[in-house]
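These are my notebook entries on one protein chain. I record below what I looked up and what I found.

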Amino acid sequence: MSKLNRPLNVLAMTRHMEIDYLRPVPLYKPLVLIGRHLSRPAKADGTPGRKFFHQGEIQLPDGTVLARSKGLFIAIDEKLLAAGLAQTET
């Protein structure tokens with residue numbers, strides 16, 4: 001899911017993640033990984049917020065879903081990251 005942040009042109013860190021394991025995931029077999037951007041709620045003033053909600057799945061090639069997850073990612077300021085400081089959530 002974190003790979004979805006790159007095409008959205010945002011640097012973000014994982015805040016929360018939930019995973020539902022639905023079936024065993026086989027080793028050494030082809031798998032399909034799917035990531036979906038769900039939403040980026042706006043702040044009260046209408047500007048884009050820092051929260052990004054994504055969903056991910058692990059599937060067999062036939063489409064059988066083996067695991068499903070959802071995550072919350074928080075956009076961070078690259079300047080603060082470079083300085084070693086964490087920006088607080090707004």
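**Entry 1: Positive phi values**

I began with Tyr28, which lies in the loop between strand 1 and strand 2 (32–39); strands here are DSSP runs (E, at least two residues) and helices likewise (H or I, at least four), numbered from the N terminus. I note that this is a predicted model, in which local features need pLDDT of at least 70, side-chain atom pairs count only at pLDDT 80 or more, and totals for chains, interfaces and linings use all residues. Residues are numbered from 1 along each chain as its sequence is written, and side-chain values use heavy atoms, with hydrogens and water left out.

The phi angle of Tyr28 is near 60°, a positive value in a residue other than glycine. Its relative accessible area is 81%, so Tyr28 is exposed (buried means under 20%, exposed over 50%, partly exposed in between; 1.4 Å probe, protein chains only). I found a positive phi near 60° at Asn9 also, again in a residue other than glycine. Asn9 is in the segment before strand 1 and counts as exposed, at 73% relative accessibility.

**Entry 2: Overall form**

I counted 1 helix and 4 strands in the protein chain, in the sequence pattern β-β-β-β-α. I then looked up the radius of gyration, taken over C-alpha atoms. The protein chain has 16 Å, whereas a compact globule of 90 residues would have a value near 12 Å; the globule rule is 2.2 Å times the number of residues to the power 0.38. Along the principal axes, the C-alpha atoms fill a box of roughly 45 × 30 × 20 Å. Of the 90 residues, 24% count as buried.

Which residues make up the largest nonpolar core? I found Val10, Ala12, Phe52, Phe73 and Ala75, 5 residues in all. Such a core is a set of buried Ala, Val, Leu, Ile, Met, Phe, Trp, Tyr and Cys residues joined through side-chain atoms within 4.5 Å.

I next examined Asn5, in the segment before strand 1. Asn5 is buried, with a relative accessible area of 3%. Not counting residues up to four places away in sequence, Asn5 touches Val10, Ala12, Phe52, His54 and Phe73 (contact means heavy atoms within 4.5 Å). With the neighbours within four places left aside, Val10 is in contact with Asn5, Phe52 and Ala75.

**Entry 3: Salt bridges**

I searched the whole structure and found 2 salt bridges, defined by a side-chain nitrogen of Lys or Arg within 4 Å of a carboxyl oxygen of Asp or Glu. Arg36 pairs with Glu57, the closest N and O atoms being 3.8 Å apart. Arg36 lies in strand 2 and Glu57 in strand 3 (residues 51–59), so this pair ties together parts 21 residues apart in sequence.

Arg68 also forms a salt bridge with Glu57, with the closest N and O atoms 3.0 Å apart. As Arg68 lies in strand 4 (residues 65–75) and Glu57 in strand 3, the pair ties together parts that are 11 residues apart in sequence.

Is Glu57 buried or exposed? At 9% relative accessibility, Glu57 counts as buried. Arg36 is partly exposed, with a relative accessible area of 34%, and Arg68 counts as partly exposed at 34% relative accessibility.
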